[in-house]
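Reader: Could you walk me through this structure piece by piece, starting with the charged side chains and their contacts? I may jump between topics as we go.

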Amino acid sequence: MIELDCRGQKCPLPVIRLAQNIGRVEVGDVVRVLADDPAAANDIPAWCRMKKQEYLGSPESDAFEVRRLN
Amino acid sequence: MAREAWLAALADGWADPARLYSAGRRAQQLSDAARAAFAESLDVRPDEVSFWPSGTTAAQAAVLGALAGRARSGDTLVHSAIEHSAVLHAARRGKAVEVGVDRLGRLDLSAWDTAVSAPGVALASLISASHEVGTVQPVAAAAGYCGEAGVPLFVDAAQSVGRAAVPAGWSLLSASAHKWGGPPGVGVLVVRKGVRWISPYPQDDLYRPGLPGSVDLPAVVAAAASLRAVQADSQAEAVRLSALVDRIRARVPELVPDVEVVGDPEQRLPHLVTFSCLYVDGEALLHALDRTGFAVSSGSSCTASTLKPSHVLEAMGVLSHGNVRVSLHRGTTEADVERFLAVLPGLVERIRREAGM
């Protein structure tokens with residue numbers, strides 16, 4: 001798992017960082033995004049749906065986990 | 001048309017309609033004529049129509065006044081998750097239950113049925129069609145459940161009046177003149193006979209829904225004239241604009257990669273289309289389009305005073321950044337739409353490139 005610290009960044013920056021870094025993990029592995037922009041909780045799951053990745057949920061506030069599927 | 005009516009009403013309707021001198025009586029006649037015209041346009045009785053300084057005040061008066069009128073029956077407002085923020089702000093005054101929508105922005109009717117049937121519900125509120133994504137709501141079915149539960153329904157019809165018919169069955173309805181191409185500063189509220197409504201404001205003795213004080217009568221007269229004019233060819237105009245919206249809905253995803261067009265593709269307003277572009281700052285795109293002559297709106301957080309994303313896009317679970325809402329109007333031509341489709345891909349590409357995508 002890798003962790004991207006995007007706290008303090010406004011949307012769409014956390015989603016851009018996620019897209020740029022998802023390729024750094026193997027298929028099946030997880031990227032954890034730390035983001036405190038209020039749009040992140042909506043836009044990270046929406047990105048997963050559009051890009052066919054798996055949204056695993058938010059294990060704690062301002063943290064979002066995504067599993068690479070492709 | 002609205003402009004001519006406004007100028008004529010300025011000449012003849014400047015006086016206070018409540019006064020008994022002849023200029024006041026002329027103003028009263030104009031006010032009555034405007035009320036009768038609205039009643040005919042909306043297919044209601046003239047004494048059910050009241051004028052407000054905006055669609056926002058009319059909607060908030062509907063919610064607060066109907067809640068007050070039903071205080072003996074309950075204290076809870078049931079509303080959809082995609083109401084206009086004017087209604088949501090009024091909802092925060094008391095107890096409220098929110099009913100969700102699906103990915104296309106359609107009301108969850110089964111949850112609505114459950115919510116309005118619960119004890120203690122004073123009022124239900126449903127927008128006629130989403131002002132952000134255009135999805136038309138199942139007003140007739142929602143009104144049916146309200147009827148079974150004995151709960152009055154308020155319909156915020158700002159997006160529909162002048163463009164499409166609103167199904168019957170509601171108890172209160174509000175609209176906004178500038179949304180149908182009339183002057184700004186005129187809201188209309190209809191409270192059907194038999195619906196208890198208590199003013200949220202201090203009220204005079206003439207007890208009837210309305211804001212205390214004078215209305216902007218010339219603007220009200222112009223609003224009535226403009227509604228009549230737009231209704232005369234609303235069907236033809238809806239067909240024309242709807243075809244242009246279909247073109248935008250089909251072409252934008254072909255021309256721009258990673259775009260999500262949102263809202264119901266069929267049960268939708270004729271003139272409104274919304275899409276979100278991945279990796280794009282909505283504010284940057286809005287300004288870029290503005291520089292090329294296109295005035296669009298956005299539900300992205302960076303364009304909102306609150307810096308929060310649109311509650312409508314969130315309720316639907318669709319992408320909120322890079323969001324663009326295009327509203328077509330009477331002056332919009334096919335050539336305008338083609339030019340929009342020609343400039344959009346380059347603008348999105350440049351913003352993405354600058355962001356490193």
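Reader: Is Arg240(B) buried, exposed or partly exposed?

Author: Arg240(B) is partly exposed, with a relative accessible area of 30%, where buried means under 20%, exposed means over 50% and partly exposed is what lies in between, using a 1.4 Å probe and protein chains only. This is a predicted model in which local features need pLDDT of at least 70 and side-chain atom pairs count only at pLDDT 80 or more, while totals for chains, interfaces and linings use all residues. Residues are numbered from 1 along each chain as its sequence is written, chains are lettered from A and ligands numbered from 1 in the order in which they are written, and side-chain values use heavy atoms, with hydrogens and water left out.

Reader: Which residue does Arg240(B) form a salt bridge with?

Author: Its partner is Glu237(B), and the closest N and O atoms of the two are 3.0 Å apart; a salt bridge here is a side-chain nitrogen of Lys or Arg within 4 Å of a carboxyl oxygen of Asp or Glu. Both residues lie in helix α8 (residues 234-255) of chain B, three residues apart, which is about one turn of the helix. Helices (H or I, at least four residues) and strands (E, at least two) are DSSP runs, numbered from the N terminus. Glu237(B) counts as buried at 13% relative accessibility. Salt bridges that share partners also join Arg247(B), Arg251(B), Glu334(B) and Glu338(B) into one network.

Reader: And at what angle does α8(B) pack with helix α11 of chain B?

Author: The angle between α8(B) and helix α11 (residues 334-354) of chain B is about 15°, with their axes 10 Å apart. That makes α8(B) roughly parallel to α11(B), since angles under 35 degrees count as roughly parallel, over 145 as roughly antiparallel, 65 to 115 as roughly perpendicular and the rest as oblique. Axes are lines fitted to C-alpha atoms, for helices over the stretch in contact, and the angles run from 0 to 180 degrees between N-to-C directions.

Reader: What about α5 and α6 of chain B, how do they pack?

Author: Helix α5 (residues 109-117) and helix α6 (residues 139-149) of chain B pack at about 25°, with their axes 9 Å apart. That angle makes α5(B) roughly parallel to α6(B).

Reader: Back to charges: how many salt bridges are there over all chains?

Author: The count over all chains comes to 23. One salt bridge is between Asp47(B) and Lys193(B), at 3.4 Å from N to O. That pair links distant parts of the chain, 146 residues apart, with Asp47(B) in the loop between α2 (22-42) and β1 (49-52) of chain B and Lys193(B) in the loop between β7 (187-191) and α7 (217-232) of chain B. Asp47(B) is partly exposed, with a relative accessible area of 27%, and Lys193(B) is partly exposed at 49%.

Reader: Which residue forms a salt bridge with Arg106(B)?

Author: That is Asp264(B), with the closest N and O atoms 3.7 Å apart. Asp264(B) lies in the loop between β8 (259-262) and β9 (272-277) of chain B and Arg106(B) in the loop between β3 (95-99) and α5 of chain B, so the pair ties together parts 158 residues apart in sequence. Asp264(B) is buried at 5% relative accessibility, whereas Arg106(B) is partly exposed at 37%.

Reader: Then where is the cis peptide bond in chain A?

Author: The bond from Cys11(A) to Pro12(A) is cis, with omega near 10°, and Pro12(A) is found in the loop between β1 (2-5) and α1 (13-21) of chain A.
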